[in-house]
Amino acid sequence: MNNFKGKTIAVIGSGLIGRSWAMVFISAGYRVTVYDVQTGQATHAIEEISKQLKELQEAGMLRGSLSAQEQMSLISSQEDLKQTLEGAFFVQECVFEDLTAKQDIFQNLESHVGEDVILSSSTSCLLPTEVFLQVTHKKRCIVSHPVNPPYYVKLVELVPHPETDAAVMKRTYSLMKEVGQSPVRLRREIDGFALNRIQYAVIAEAWRLVKDGVLSVADVDLVMSEGLGMRYAFIGPMETVHLNAEGLEQYMQRYGEGMKRVLSSFGPVPDFSGEAVKMINQEMCELIPSDPQHLAARRERRDRFILGLAKLKKDQESK
């Protein structure tokens, strides 16, 4: 049962991630106040959110039980940071990925809120010990790293600072579950968190396969989109292993030695520079030119497919 319904969540930063977080929170009935250091940006974000919610409602993909109009009644923008934070029990920071900027904003936030207010960062790669360095009461600080775009992709990585209170992790986890996200709890901070560590491992081997002339760019992407991705959209690597034999232990008995052999054949970590970048970029651009028009069209396609997959998963889960 939600103990905070009707209370306010402050979203700091009104870019894509900030807007998505705001939409997630209001979909669950929370009041949200959006702040941006750039004058007029938060107001513009509210307008964009209103447009998106109407489109989602028409497509039957609006989250929560409230109508688009009812959700919009829960959101507002502020030009003053202190007023933004009034009554907020949870603050979700979404400023650009710059360490100094994030340290400054959290130091500023702390001066306007009580010690019981949770301070959460959306950082994707900066460690909590770095982000919250200037905060005095670090026990209420946590990273809540979403996957872009959070409205459609529900995973949230919860990463504690070494001083984060266990109750803060518990409350943040409960909040994320309440608003319909799928939180995972890291027991300690680690560079890259979990998602990027797994993602970078995939990118590194894909890069080696292209660089070494084993596969083309198009084919290495097909290995994921028409192969592994078909499974991983619904189950993860551990469950895949478990189901591909009579349990995980039997899988390792059958394939463990082969896995070690293949893994030992991997090359060094790529440096992602020099001639390899030029070669792989040229091949990639032959498939999708890197000009703004082509990239925007491809991103729209990606988001449309993610929306369709999210709808399929929602339908499957309701059966």
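In this predicted model, helix α2, which spans residues 41–58, lies across strands β2 (31–35) and β3, and its direction makes an angle of about 160° with that of β3. Both strands belong to an open sheet of eight strands with mixed pairing, in which the order is β3-β2-β1-β4-β5-β6-β7-β8. The edges of this sheet are taken by β3 (75–78) and β8 (182–185), and because each of these has a single partner strand, one side of each is left without a neighbour in the sheet. On average, neighbouring strands of the sheet are turned by 25° against each other, when direction is ignored.

Further along the strand order, β6 (residues 141–146) and β7 (residues 155–160) run antiparallel and are joined by five bridges; in this pairing, His-145 stands opposite Glu-157 of β7.

The UniProt record, in an unreviewed entry, lists residues 8–187 as "domain: 3-hydroxyacyl-CoA dehydrogenase NAD binding". In the model this span is 38% helix and 22% strand, and its end C-alpha atoms lie 28 Å apart.

The contact residues divide into six nonpolar, two charged and no polar: from α8 come Trp-207, Val-210 and Lys-211, which meet Ala-276, Val-277, Met-279, Ile-280 and Glu-283 of α12.

Methods
Residues are numbered from 1 along each chain as its sequence is written. This is a predicted model: local features need pLDDT of at least 70, side-chain atom pairs count only at pLDDT 80 or more; totals for chains, interfaces and linings use all residues. Side-chain values use heavy atoms; hydrogens and water are left out. Two strands pair if DSSP finds at least two bridges between them. Helices (H or I, at least four residues) and strands (E, at least two) are DSSP runs, numbered from the N terminus. Axes are lines fitted to C-alpha atoms, for helices over the stretch in contact, and angles run from 0 to 180 degrees between N-to-C directions. Contact means heavy atoms within 4.5 Å. UniProt positions are given in the numbering used here, feature names are shortened, and annotations may be inferred rather than shown by experiment. Ala, Val, Leu, Ile, Met, Phe, Trp, Tyr, Cys and Pro count as nonpolar, Asp, Glu, Lys and Arg as charged, and the others, Gly among them, as polar.
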